[in-house]
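Dear colleague,

I am handing over the structure below, together with some notes on what I found in it. Please read them with the coordinates open beside you.

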Amino acid sequence: MRRSILLITVVAASLVPAANAAAADQLTVLAASSLREVFPQIDGAQRFSFAGSDTLASQVRAKVPADVFAAANAQLPDALFAEGLVERPVVFATNRLVLLVPASNPANLRSVFDLRRGGIKLIIGQRTVPVGSYTRTVLANLGLTSVLGTVVSQERDVAALTTKVALGEADAGFAYATDARAAGDKVRVIKLPAWAQPRVRYKVAVLRSSGDRAAANAFIRKLTGTAGRKALLAAGFGVPALPAKSRAAARR
Amino acid sequence: MQLLGTTRRSLLLAAGVLSLPGVAHADSETDVSSARLSASVERLLNAYWARALASGTLAERERAAVEQMRRNDRAHYAALATVIGPTVPTDDDLEFVFAADAFSARRDTLALGVRLTGIALSAHLGGVAAVGDRGLRSLLGRIAAAESRHHAALVRMAGGNDLSDSLPRPLAAAEASDALAPYLQ
């Protein structure tokens with residue numbers, strides 16, 4: 001018995017430094033909510049903090065300890081780059097906006113143009129969060145901003161929005177195509193016309209305040225490399241075209 | 001969203017894109033929307049012409065006509081891009097989808113062209129009916145007129161009767177979107 005206790009103590013003691021080393025090596029990645037499913041698949045070893053991109057950008061400005069910032073738009077990382085807070089951002093994914101309805105589709109919506117009927121309970125993202133900004137763009141592109149009058153709730157991030165639609169708290173909500181996949185059979189997807197889609201580009205950057213910029217850059221290389229691109233595509237994202245040189249290398 | 005600010009309007013008038021100076025636009029959001037739809041249709045047609053030319057299914061004389069129609073549609077897109085500005089849809093924003101056998105034989109190539117130019121004509125006519133700005137309405141009308149000639153040319157090549165449709169039907173944005181959905185994603 002005493003030998004067993006001693007053994008456990010010795011093993012536990014030997015694990016502590018290893019665990020500490022793992023924690024020290026772990027990057028903190030601030031990532032847009034819409035990346036909550038795919039990022040842990042690409043690199044499960046890191047610590048992720050998912051929220052609306054605007055909230056995360058505020059955290060970067062507040063110097064919250066973190067290493068990487070991945071946003072659901074280009075504007076926020078570009079602005080942080082201009083402020084000297086992050087290294088030059090790169091595009092790593094694209095997405096599409098869709099109209100989500102609960103699986104039961106209580107308002108019997110078949111097209112985004114049906115929102116003009118009135119009396120539809122609509123959820124959108126807040127103006128400051130990318131999905132909210134994209135929603136306003138797509139509605140303007142469609143000539144449908146009048147439907148903003150039927151909005152019953154504006155959400156801080158797309159995860160909350162998707163959950164509310166899945167729970168039937170609204171008749172419809174604008175989200176990313178990838179969120180529809182994540183919600184599974186709890187929601188139905190109504191595609192939006194391609195000609196009205198906004199340019200949804202995700203950008204990622206290393207924080208200049210990162211304690212391990214080399215590891216943070218390695219994370220971005222993983223994200224933009226073959227495995228990362230495959231995982232993003234499998235999750236329903238688009239990926240940017242490879243430069244000609246990379247395409248040639250990929251073919252070899 | 002402002003479609004035609006004073007500066008842009010002046011520029012367009014100078015460029016001859018708009019021919020009616022000083023005309024107010026009644027509903028600029030609808031105008032932008034209609035222009036975006038028409039511009040996207042022109043990109044789809046451009047992709048179709050490229051595939052048709054590359055297919056090797058067309059006779060030499062037909063290829064010359066298709067090349068001219070492609071130049072016309074590029075000019076339409078350029079005019080619409082000037083109206084819309086930097087947010088004009090580009091090929092990077094659109095995915096063009098054609099069936100695997102869409103260009104496998106001359107008959108298939110022409111049938112798809114007839115279908116697409118017919119949708120394009122109706123979409124542009126829908127824009128004519130919807131927009132408030134007289135300058136933009138004039139531009140869409142001119143594009144529709146050219147597209148009508150393209151449609152007729154393809155119908156003739158396919159052995160059909162290009163005079164059978166006395167009043168081509170305009171498609172509202174929702175209808176045009178449904179018609180385009182199989183090809184434009």
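Leaving aside residues up to four places away in sequence, A:R127 touches A:G132, A:S133, A:R136 and A:Q154. Please bear in mind that this is a predicted model, and that this applies to everything that follows. A:R127 sits in the loop of chain A between β6 (122–125) and α5 (130–142), and because its relative accessibility is 58%, above the 50% cut-off, it counts as exposed. Its C-alpha atom lies 9.2 Å from that of A:E155, although the two residues are 28 positions apart in sequence.

In chain A, 5 strands form an open sheet of mixed pairing, in the order β7-β6-β8-β5-β9. Its edge strands are β7 (151–155) and β9 (187–191) of chain A, each of which pairs on one side only, and from one strand to the next the twist averages 35 degrees. β6(A) and β7(A) are paired in the parallel sense over 4 bridges, and A:I124 stands opposite A:Q154 in β7(A). α5(A) packs on this sheet, where it touches β5 (97–102), β6, β7 and β8 (172–176) of chain A, and its direction makes about 110 degrees with that of β8(A). Helix α6 (residues 158–166) of chain A, in turn, lies across β5, β6, β7, β8 and β9 of chain A and runs at about 140 degrees to β8(A).

Elsewhere in chain A, strand β1 (residues 28–32) deserves a look. Is it enclosed or open to the outside? Since 5 of its 5 residues are buried, β1(A) is largely enclosed by the rest of the structure. In a regular strand, side chains alternate between the two faces of the sheet. Here both faces are covered, with A:T28, A:L30 and A:A32 buried on one side and A:V29 and A:A31 buried on the other. β1(A) runs parallel to strand β2 (residues 47–51) of chain A, to which 5 bridges join it, and also parallel to strand β3 (residues 68–71) of chain A, to which it is joined by 3 bridges. A:A31 has a bridge partner in each of these neighbours, namely A:F50 in β2(A) and A:A70 in β3(A).

Chain B has 6 helices and 0 strands. Of its 185 residues, 49% count as buried, and among the contacts in chain B with a separation of 6 or more, 77% are between residues 24 or more positions apart. The accessible surface of chain B comes to about 8,400 Å², of which carbon and sulfur atoms hold 53%.

Just after the helix α3(B), B:G85 takes a positive phi of about 90 degrees.

Finally, the two chains meet through 18 residues of chain B, which are in contact with 17 residues of chain A. Between them, chain B and chain A bury about 1,400 Å², with 48% of that area on carbon and sulfur atoms. B:E29, B:R36 and B:D93 supply 39% of the area that chain B buries against chain A, which is more than any other three residues supply.

With best regards

How values were computed. Residues are numbered from 1 along each chain as its sequence is written. Chains are lettered from A and ligands numbered from 1 in the order in which they are written. This is a predicted model: local features need pLDDT of at least 70, side-chain atom pairs count only at pLDDT 80 or more; totals for chains, interfaces and linings use all residues. Side-chain values use heavy atoms; hydrogens and water are left out. Helices (H or I, at least four residues) and strands (E, at least two) are DSSP runs, numbered from the N terminus. Buried means under 20% relative accessible area, exposed over 50%, partly exposed in between (1.4 Å probe, protein chains only). Contact means heavy atoms within 4.5 Å. Accessible areas come from the Shrake-Rupley method with a 1.4 Å probe; for residues, only the protein chains shown count as cover. Two strands pair if DSSP finds at least two bridges between them. Axes are lines fitted to C-alpha atoms, for helices over the stretch in contact, and angles run from 0 to 180 degrees between N-to-C directions. Buried area is the accessible area (1.4 Å probe) that two parts lose on being put together, summed over both.
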